[in-house]
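Open the structure in your viewer and keep the selection panel at hand. The stops below say what to pick and what to look for.

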Amino acid sequence: MIISVPVLIVISIIVGILGALTGLGGASILVTILILLGIPVKEAVASAVVTVIATSSSASVFNLRNKLTHIKVGLFLEIFTVTGAILGATITKIIPPIFLYFFFAAFLLTSFLRIGILRRAILEKILPPSKQPDRFTRWMDLKGSYIDGVTGQKIDYAARNSFLGGIGMFIAGLAAGMLGIGAGAFKVTVQENILGLPPKVSSSTSNFIITMTALAATSVYLSSGYVNLMLMIPMVIGVTIGGIVGGRILNRVPDNFLRILFFLLVSYLILEMLIKGVTSL
Amino acid sequence: MKYISSNDAESAKLETIMGYIFAAGVIITFVLAVTSVVFLYHLHGPINLLEERGEFFHQQNFFALLSSLIHGSNIQNGTLLFASLVLVSLVLTPLLVVAVACIYFALRKRFKCMSITFIVIAILITSLALH
């Protein structure tokens with residue numbers, strides 16, 4: 001098979017569009033594609049994590065303009081995700097590659113928590129939502145408000161369980177660092193279900209956090225010798241274009257189509273990773 | 001869809017500054033990446049990325065890369081130079097965002113926020129320097 005630079009750019013544009021439409025981000029799809037093309041898993045992970053900085057940075061431009069990112073919550077949670085990402089990337093450098101296929105498949109399963117019915121059935125039974133912020137969260141003063149452009153209503157919110165949320169974000173960072181992905185779906189779930197932030201604020205703040213998480217993981221991979229610049233550069237170009245195009249057409253695509261696309265794509269990625277893991281045994 | 005306000009007026013100002021830094025970083029990175037691809041084509045023509053061994057980043061850490069770029073050492077060709085600059089731009093953009101937030105909070109005497117931001121930047125710089 002011939003994969004030239006223009007071909008990789010086109011693949012990355014398609015991945016960027018799919019990532020933006022499904023909310024998966026580009027990296028989890030890119031890592032799987034690179035592995036299927038025969039790129040060693042550690043090289044795929046290290047090269048993809050660098051592209052996460054590019055995509056989340058461009059998304060942050062729009063999110064910050066919409067005034068939905070809660071910077072203080074984001075910075076507080078970054079302490080945990082950044083530490084997790086450094087540890088995760090260090091683990092990937094050490095462990096045999098075969099484990100990464102199974103970790104990848106297992107972590108992609110958490111993406112299904114974005115589906116409301118599953119989230120309510122699983123998470124809210126384990127962790128019943130508390131109404132009042134705990135003492136530490138009150139001391140941190142993690143509250144805010146925004147005006148919803150659709151309803152025109154002012155929405156006040158206050159975070160709760162910030163320390164527990166921090167532990168959840170540490171796990172998200174660990175997975176992101178290990179697998180070279182943004183782990184956005186997991187981060188949003190933690191912020192919505194543990195910290196009790198509104199969905200729009202969670203998505204926007206999560207994206208801000210992903211930039212720093214990817215930077216932390218990149219810092220570890222830089223010296224590992226796994227970052228392939230020839231792969232990284234076309235992917236940065238393609239995923240950036242794809243992310244912008246995907247973001248622009250998102251509102252024109254029917255919700256049901258997006259749900260089906262998300263389900264099929266995640267299922268396919270999990271299946272491919274499991275097959276790759278099993279055949280590598 | 002437009003959203004009007006966020007947490008408070010002061011944070012809104014910081015959000016605008018951060019947005020500009022991210023926008024500048026994205027544009028610079030994109031231009032450098034395209035230039036790098038142009039150089040790659042000029043030097044090697046159409047190559048199969050699956051057959052070529054690739055150009056791997058081999059510096060001791062990020063600051064060693066910065067140093068080699070400043071002193072012009074260990075950069076053999078234009079492709080590698082611009083690819084390294086893409087990496088530098090990608091790393092510096094979020095780092096600059098956090099640094100600016102830290103300075104912003106310090107100037108406004110919001111010491112709780114400043115401390116959190118300082119911890120984040122300290123972890124990031126330590127990791128960039130150690131690995």
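How many cavities of 30 Å³ or more does a search of the whole structure find? The search finds three. Keep in mind throughout that this is a predicted model.

**Stop 1: the largest cavity**

Go to the largest cavity, which holds about 110 Å³ of space. Its lining has 13 residues. Select Leu24(A), Ser111(A), Ile181(A), Ala183(A) and Gly184(A), the ones closest to the cavity centre. Now colour the lining by class: seven residues are nonpolar, six are polar and none is charged.

Which helix gives the largest share of this lining? That is α9(A), with three residues. Show α5 and α9 (184–193) of chain A together, as each supplies at least two lining residues.

**Stop 2**

Ala183(A) sits in the loop between α8 and α9 of chain A. Check its backbone: phi is near 55°, a positive value in a residue other than glycine.

Next, select Asn161(A). It lies in the loop between β2 (154–158) and α8 (162–179) of chain A. For context, most residues other than glycine have a negative phi.

**Stop 3: a helix pair in chain A**

Return to α5, which contributes to the cavity lining. Select residues 97–109 of chain A for α5, then residues 27–36 of chain A for α2. The two axes come within 12 Å and cross at roughly 145°. The crossing is left-handed.

Which residues of α2(A) meet α5(A)? Show Ser28(A), Val31(A), Thr32(A) and Ile35(A) on the α2(A) side.

**Stop 4: chain A against chain B**

Zoom out and display both chains. How many residues does each chain bring to the contact? Chain A brings 69 and chain B brings 60. The area buried between them is about 5,800 Å². Carbon and sulfur atoms give 76% of that area.

Finish on Lys67(A), Leu222(A) and Met230(A). These three supply 13% of the area that chain A buries against chain B, more than any other three residues.

Definitions and conventions. Residues are numbered from 1 along each chain as its sequence is written. Chains are lettered from A and ligands numbered from 1 in the order in which they are written. This is a predicted model: local features need pLDDT of at least 70, side-chain atom pairs count only at pLDDT 80 or more; totals for chains, interfaces and linings use all residues. Side-chain values use heavy atoms; hydrogens and water are left out. Axes are lines fitted to C-alpha atoms, for helices over the stretch in contact, and angles run from 0 to 180 degrees between N-to-C directions. Helices (H or I, at least four residues) and strands (E, at least two) are DSSP runs, numbered from the N terminus. A crossing is left-handed if the near helix is turned anticlockwise from the far one by less than a right angle, and right-handed if clockwise. Contact means heavy atoms within 4.5 Å. On a 1 Å grid over the protein atoms alone, a cavity is a set of points where a 1.4 Å probe fits but cannot get out, and a pocket is an open set with protein on both sides within 12 Å along at least five of seven lines; lining residues have an atom within 4 Å of a point. Grid points are joined across faces, edges and corners, and a volume is the space filled by probe spheres set on the points. Ala, Val, Leu, Ile, Met, Phe, Trp, Tyr, Cys and Pro count as nonpolar, Asp, Glu, Lys and Arg as charged, and the others, Gly among them, as polar. Buried area is the accessible area (1.4 Å probe) that two parts lose on being put together, summed over both.
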